[in-house]
Structure formats: structure tokens, C-alpha cells
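Student: Could you show me how to read aromatic rings in a protein model? I'd like the general idea and then a real case.

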Amino acid sequence: MNHPAPIYDAAIVGAGFAGLVAALRLAQAGKKVVVLESDSSPGGLAGTFDFDDGVRIEKFYHHWFNNDAYVPKLVEELGLSDLILTLPSRTGMYYNGRLWKLSTPLDVLRFSPLPFIDRIRLGWLVFQVRKVKDWKEIEHLTIREWLEPLCGKKVFELVWEPLIRSKFSVFAEDINAVWFWKKLVLRGSTRDPKGGEQLAYFRGGFGRLAEAIADRIVSLGGEIRYNAPVTGAITEGDRIQALQTNDGEVAARTFLFTPSFKIIANILKDAPRAWLDSLERVNYLGNVCLVMELTHSLSDTYWINVNDPGFPFVGVIEHTNLDDSSHYAGRHIVFLSRYLATSDETWSMSDEEYLQYALPHLERMFPKFRRDWVKEFRIWRADYAQPVTERGYSKYVPAEETPYRNALISTMAQIYPEDRGTNYAIREGSRMSERLSELSRQDA
């Protein structure tokens, strides 16, 4: 059988940060690389959009922590460090009809819905979790099984359980303790000497950073094709010869796949069944994100966790309480994010139906809120937004290797024990470029 001659050293599926950084490093090494992206712009879940009045913002909220090393290093390399904003984070919790500040240890001590001894246990928790040195020791436990004995039933049920249910929906009781442990360890290390938290943001949004990486790739001779979903692969024995797209076949010497496992399984559908089953074993939750441009601010808090029953969102994220509204034509940007199974009835709502579904919850939280404050809104959906890390996840999550000796996979579901995030995607992109180069050398 005749196959197209490989004109690329590497073909990368997906222009999220892992795919872009892998392509950048390969292009810097003089390799001929092509990135195939199904969307119309780079960035993946960190992509941006424009409201009708020209205000640009992410489709899904983003920031990074002051201990995230890989993002600022890349930004500096691109000569864009002047666009990094380092800002204090103001976080809080909505409980029993009231907003409580929870940004500092003193705020925790003032949280009167908990008895005083439980407030101490809540504040002490971050020190307790640091005692875990080997995360595999707690991977067989669910979050509840591990956390409730540490902080007590009252603290768990009032503070943590509602957040875990908002984050993981129908899988809330299945998530292993490592996910929560890593979150607490990372957040505890971002505190300043007074106990406050510093966050960083890239002015113009992470999509702007993705565009800068894409521009650099092209300037180095690389190629990025947008609106180019990969529909299949041509294989021969233990090698991939080419990828199939609507515009024809793309042949390369090596291949990197960065979308979700489900999408990779659909592309490589002729791979051995056992390997495809291992991809399908990992569950995902979808995300629906309502992004609103308001004429008025809801509060002075950036991130409000909502611990009242019946509130269907992870929280209320008022982005312009992190990055000032003056950067957004004086508008106030609010995200309402919901993780859910794509079979949930709200997933298939029209955009207008979803807005009307969401607004009563805001009215309950913020009695001064008026619907005419909503200048514009957009609804964004991601089918595979959150990998579900169940008990023993490290034993069943697929490795980077594939049945094909010239192809690797690198997805956000493999960033473990860390959770998905732009910082780690950048780290993995650089590492995967080295692995692809090694595959090329072995094949020479």
C-alpha cells in the first residue's frame, strides 16, 4: 500500500498548551512540525473570545499561583513579562445567606458557623496534610475517608463536602484523596508571610499567551492548521503513517496526541482493543461556563465558594476583582461554572435557557442584583473538562506510550498527582518534545 511521504518530523494533535509548547521546542530544534487543531484558535480550555463591544476574556476562568514556575519562565522567554499581573486573591464562602471572608487565617478564626474548636481544626488542616510524604499511601482512600478523620465530621460536611460535590457531581464519592491532598499542599505553599494568597494573571487572557506561542512557532517555520479536526489514522503494523483530516492526509515521522482519551480512542480506533479499553476506563465530567459582562459589581471578592445546598455552580468567580475592570472597558466579568455529566438535562439547554436557569441563583445570593446588569453573556461547553481520578488512579491511567512506536499521548488526565492546569501543560509539552526527538533518533 502506498502512503504519503512524511514531510513533517512531528505532527501534533491539539493546540492547547501542551501541544503548542511541544511544537515550539521542536521548531526551536530545527524540526519541521505541524499542529492540527479542531478549534478556530489556540489555547484549548484557555482560549479567549471577544464580547460584541471588543472586551476579550477567557471562555473558562484562569489564573496561576505564585509557585507555578513554568508559566512565568515561558512568558519571560517570549519577552512578555510586562504582561504578568501579580495580585492578592480575595476569596470567600457563601453560607446560610451570608458571605464570609476566608482569605487569611484570621478570617478562618472568625468563621462562626463552625464551633471554635472546629475553626482551629479547619485552619490546622493545611499543616496536617503536609505530613503526607508519599501520596500513594492515601490513593486507596476517597476524599471523605481520608479527610473526615483529620478535620472532623462537622468541618467536612459544612466546608468541604459541598465544594467536592460541586466539583465532581455524580463522582463526588469516588474521587481519591490524592486530588484533594495535592490541592491543599499547593495552596498552602502560595501564602505570603501574613497568610494571604497571591495569584498571577496574564493580561489579555491565557489565549493571548497561546497566540504568542503560536506566532513564535510559525516564525520558526512550523505550521498550525485551525478548524482541522483529526478523524482517523493510517497505520501499518506498529507505526502510524499519517493522520486523516477533512483536508487530506498528514504524514509525519512522529506523532503526539494531546486531546482527551475519548477523542484519542476515536482517532486511533484500529488500535488493539485492550489499549482502547484502558483509554475508555478514565471518566470525565463536562463543564458549562456562563461568562457575563455586567454593568455593576456583585461583590469585592474574586472567588466565592457557595456552600448552600441547591446552588448548582462551583462558585461565583468575579474576574474583575482580580484583574481590574478598567482593563475591560469598565465592565465587570463574572464566571459561573458548572461541572456535570453531559447526560444532565441542563447540558442541552439553549444559551438563553441556561441564562434564565442561572440568574435566580445570583438573585438569591446578591439581593441588589438586577437582570438588566447583564450587558452581554456567552455560554461555553467542554465535554471533557475534568478527568475523574478514582481510587487507585495511578494503576489504571494510561501511560504516554501507545501501541505505535512512533506515537505518544500527553493529556491533562495524565498530569497526576497534580490536577490539570496550564502550568503543568507547559511542563509536559517541553518534556514530550524531548521524547519525540528521542523517538526520531531511534528511528533514524
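This is a predicted model: local features need pLDDT of at least 70, side-chain atom pairs count only at pLDDT 80 or more; totals for chains, interfaces and linings use all residues.

Student: How many aromatic pairs does a search of the whole structure find?

Tutor: The search turns up 22 aromatic pairs. Here's the general idea: we describe a pair of aromatic rings by how far apart the centres are and by the angle of the planes. Take Phe49 and Trp380: their centres are 5.1 Å apart and the planes make an angle of 50°, a tilted pair.

Student: Where in the chain do Phe49 and Trp380 sit?

Tutor: In distant parts! Phe49 belongs to strand E3 (residues 48-50) and Trp380 to strand E18 (residues 374-388), so 331 residues separate them and the pair links those parts of the chain.

Student: Is Phe49 buried or exposed?

Tutor: Buried, because its relative accessibility is 7%, under the 20% cut-off. Trp380 comes out at 22%, so it counts as partly exposed.

Student: And why is the pair of Phe369 and Trp373 edge-to-face?

Tutor: Look at the angle: the planes are at 85°, and over 60 degrees counts as edge-to-face. The ring centres lie 5.5 Å apart. Both Phe369 and Trp373 are buried.

Student: Which ring does the charged end of Lys59 sit over?

Tutor: The ring of Trp380, with the charged end 4.8 Å from the ring's centre. Arg98 gives another case: its charged end sits over the ring of Trp100, 3.7 Å from the centre.

How values were computed: Residues are numbered from 1 along each chain as its sequence is written. Side-chain values use heavy atoms; hydrogens and water are left out. Rings of Phe, Tyr and Trp (its six-membered ring) pair if their centres lie within 6.5 Å; planes under 30 degrees apart count as stacked, over 60 as edge-to-face and the rest as tilted. Helices (H or I, at least four residues) and strands (E, at least two) are DSSP runs, numbered from the N terminus. Buried means under 20% relative accessible area, exposed over 50%, partly exposed in between (1.4 Å probe, protein chains only). A charge sits over a ring if NZ of Lys or CZ of Arg is within 6 Å of the ring centre and within 35 degrees of the ring normal.
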